[in-house]
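Try each task before you read its solution.

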Amino acid sequence: MEHTRWYKDRVFYQIWPRSFKDGNGDGMGDLWGVLEKLDYIQSLGADGIWFSPLYPSPGADCGYDISDYMDIAPEYGGMEAFRKLLAEAHQRGMKVIMDLVINHTSDEHPWFEKSRRREEPYTDYYIWRPAKPGGKLPNNWDSNFEGKAWTYDDVRGEYYLHLFAVKQPDLNMDNPLVREEVKKILRFWLDMGVDGFREDVVTFISKEEGLPDEKLPLPTGKGISHYNHGPRIHEYLSEFYRDVFSHYDCMTLAEAPMVTPKKALEYIDEQKSNELDMVIQFETVCADCLFTDWMPMKFSLRKLKRSFSRWQKELDGRACNMIYLENHDHPRVISRYGSEKFRVESGKMLAAAYLFQKGTPFIYQGQEIGMTNWRPDSPDKYEDVQTIWQYENTALRKSDEERLHRLWRSSRDSARTPMQWSAERHAGFSDVKPWFYVNKNFRRINVAAQEEDADSLLNFYRKAIALRKRLDVVKNGTYREFEKNSTQHYIYSRETDSRKLYVICSFSRRETKFKCPAGLDTDRAKLILQNYPKQKPDILKPYETRVYLME
């Protein structure tokens, strides 16, 4: 079947199901709540939805520890709610993609239960190793969530590999039976009508033979050089495409930690590869950290701009960019790259900074109303497995206050608090106490208030999305950056033979001097989007943005 690459003309909205909207009154977000809010999602201009995992799960990693790949968790409404939602979305012309987590399962998955008991054919579905002499671990690799990457299983009498939480054992993708299981899962959902998958850490699925020790002096993620972009990754992804994806007009979006544009093209080059359609790179969410949010640094606009520009230029004409600033795995972007003091202004500026780039944009729930980082008064309130481990194991030479501040700054839980729908009790998310804490600022930051304000951040997103869909220059124009060395301004253009679009963004909390980029004549150009009612020709206000169109 022909791949029409329909995803290039879409705007996706990511839903973290348990925190989006409670539709049945049990305090947990669910698909009934999503059905209730489909009009809202569509009103943004979004015509695609990415669901974080909906499958049955013990919840050790908020659903990324799957115990049944071919069902929908009852707390989300089960298969009945999913089929209804899929039909409703398709009736509206919206696409639906699901999270595919095949690097690991839950340790409560039947496959693992049978593997630990050495029941055939499941004995080698996972990566098992005996202890080294002296009872040492099989190798020196680190887990990305909880200490070392090996846990001893008393039933099997061996260690199992888990690159993430202890309760997330890694599948052995070298076993052809495991790959056949993956194909069954893919066909099951695609035959139901799902339009594609976001593939969780899929570049980790092939491990180097022998699982050698990591010799590089890495500050975090020891072992990653032996499993990221592993030796048989292209073979396996090509197999999945050949046997499954090539038979459906679907899309594949791969999470690819530490990927560069050059490396990404090995997977998504439209002229050479039939493996994947797009990748989620981490560069644009690492402008204020080193490798991970848990290694914070001062925000660097130049680092962010370099990332934006290299992905725009190196993929141009060869592959589609997935563009984003927020998702479920990172703290809120206004609290990182913008300013909570200038929340609305910086939120609008950040929206313009990425929404007019070339590619397929993704918006994370709450981003469009400017939700900010959560700041609880106690570490005991955090839910995320990675956050809890970081707090308990990185306490050396740090006071309780410093440790709590690090959680405020780095925890993924800031992106997972319930969606703020109104100023009513529980932020309009639920009529009963929610499963997780609501951010205390919900009375002033919520959808209902912004619906009534024509100049709100929410309505800015709607205008920006409508413009990018209407203007051919956003889809097809070339990208050019100005003031590359500026530490205050990000300015770029999108150009075709007949139109030029200029996007001007200030990342400063103070007024700054501004010089028009080459080719922009503000007397002839039309100012089509801005976040301040009046402009000064040579001055940009704090976090000001302007979008000009020249025809």
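**Exercise 1.** Which strand do four bridges join to β3?

*Solution.* Start with the ground rules. This is a predicted model, where local features need pLDDT of at least 70, side-chain atom pairs count only at pLDDT 80 or more, and totals for chains, interfaces and linings use all residues. Residues are numbered from 1 along each chain as its sequence is written, and side-chain values use heavy atoms, with hydrogens and water left out.

Step 1: find the strand. The partner is β7 (residues 196-199), and the two run parallel, joined by four bridges. Strands here are DSSP runs of E with at least two residues, helices are runs of H or I with at least four, and both are numbered from the N terminus. Two strands pair if DSSP finds at least two bridges between them.

Step 2: pick a residue. Opposite Asp99 you will find Arg198 in β7.

**Exercise 2.** Describe how β2 and β3 are paired and connected.

*Solution.* Step 1: strand β2 (residues 48-51) pairs with β3 in the parallel sense, over four bridges. Ile49 has Val96 in β3 as its bridge partner.

Step 1: follow the chain from β2 through helix α3 (residues 78-91) to β3; this β-α-β crossover is right-handed. In other words, with the strands pointing away from the viewer, the path from the first strand over the helix to the second runs clockwise.

Step 2: check the cover. In β3 (residues 95-100), six of six residues are buried, that is, under 20% relative accessible area, with exposed meaning over 50% and partly exposed in between (1.4 Å probe, protein chains only).

**Exercise 3.** Why is the pair of Trp111 and Tyr125 edge-to-face, and which parts does the pair tie together?

*Solution.* Step 1: recall the cut-offs. Rings of Phe, Tyr and Trp (its six-membered ring) pair if their centres lie within 6.5 Å; planes under 30 degrees apart count as stacked, over 60 as edge-to-face and the rest as tilted. The whole structure holds 36 aromatic pairs.

Step 1: Trp6 is buried at 9% relative accessible area, and Tyr7 is buried at 1%.

Step 2: for Trp111 and Tyr125, the centres are 5.6 Å apart and the planes stand at 75°, so the pair is edge-to-face. Because Trp111 lies in helix α4 (residues 110-116) and Tyr125 in the loop between α4 and β4 (128-129), the pair ties together parts that are 14 residues apart in sequence.
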